[in-house]
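Reader: Could you take a close look at the salt bridges here and walk me through who pairs with whom?

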Amino acid sequence: MSSPLSFRTVELPLRHAWTIARGTSTVKRNVFVEVRSGGHVGYGEAAPNVRYGESWESVEAALQKLAPVLEGRDLRCFRDVSEALDAALPDNPAAKAAVDLALHDLAGKVMGVPLYRMLGVDPARQPVTSMSIGIDVPEVLAVKVREAADFPVLKVKLGSGKDREVFGTVRALTSQTIRVDANEGWKPDEALAHIQWLATQGVELVEQPLPAADVDGAKWLKARSPLPLVADESLTKASDVPSLAAGFHGINVKLQKSGGIREALRIIETARACGLKVMLGCMVETGLGIAAGAHLAPLVDWVDLDGNLLLASDPYRAHPVVGGRIQLGDGPGLGVEPWAAT
Ligand code: MG
């Protein structure tokens, strides 16, 4: 018997060099999955991130191990399949997310309904997504801010040691609401000083100011911060959530960190039970991965689903974004097909 799962890695050049506190990249290599059953094809995407120990090579190796798990199963029972994948191979969240997204896409196509209908989610409650501005020199920051003019909210990357210059350049160019992401780039004392200043600059929240390992620092900072603090690198799975309430006001869930939709939903519900706010974010992904997040987005407070907009070109026919809101439409499953298929 052969597996219904196939995959390939695609090189995705970025529109601008992408710099955050950890480093710079100009190209991404994501792995695209197809799951076939009953004349339908489900599409999924892995956007591996070195911060979480993954690469396109590790994703391909994981998918080689996961493919046999799908053989002979009723793929409409995607929750059972997802649990079998977890049992077959620990960790590897991006690889599992790719399979999980493809299974949800396939199930939606078999049933003829969009994923948001399968989840009981109201697409009219789609929050606006922020548009991310990577760390850069002032001239390029000006181009990025101009390109993001249609988005009501910006997310500015900091943590480089030139934070006042980078933030000040963006703030001088626009009155848009700004969220800040330090990507673990600060120490507690400097984080507090930056956050107290940012609170006077029209900033809505600050994401991951300190290294994830600095649990005591996070508690110290939360007790003093005038702005909401959101955990990103500190969170991958639902069991991480309860302890994060001591150091953060909210959490950033991403399908590529959680291993897909099943665990992402569990993270969202756990966060709500712990009284935490929820952001739904992304890696640098195509319109396919972004679509999967958008189907869940009405469940959260803050949305950051802009990864495909950072690409030079998108191999998938992404849902349009109007006034910062992703327009999901009524196509079955994720509702996104590759351009090559049209
Ligand atoms: Mg982040």
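Author: Helices (H or I, at least four residues) and strands (E, at least two) are DSSP runs, numbered from the N terminus. Arg272 is partly exposed at 32% relative accessibility, and Asp301 is partly exposed at 29%. For the wording, buried means under 20% relative accessible area, exposed over 50%, and partly exposed in between (1.4 Å probe, protein chains only).

A word on the ground rules: this is a predicted model, where local features need pLDDT of at least 70, side-chain atom pairs count only at pLDDT 80 or more, and totals for chains, interfaces and linings use all residues. Residues are numbered from 1 along each chain as its sequence is written, and side-chain values use heavy atoms, leaving out hydrogens and water.

Now for Lys155 and Asp304, whose side chains meet in a salt bridge at 2.6 Å, N to O. Lys155 lies in strand S5 (residues 153–157) and Asp304 in the loop between strand S11 (302–303) and strand S12 (321–322), so the pair links parts 149 residues apart in sequence. Both Lys155 and Asp304 are buried. They also belong to a salt-bridge network together with Lys157, Asp181 and Glu207. Overall, the count comes to 23 salt bridges.

Note on methods
Salt bridge = Lys/Arg side-chain N within 4 Å of Asp/Glu carboxyl O.
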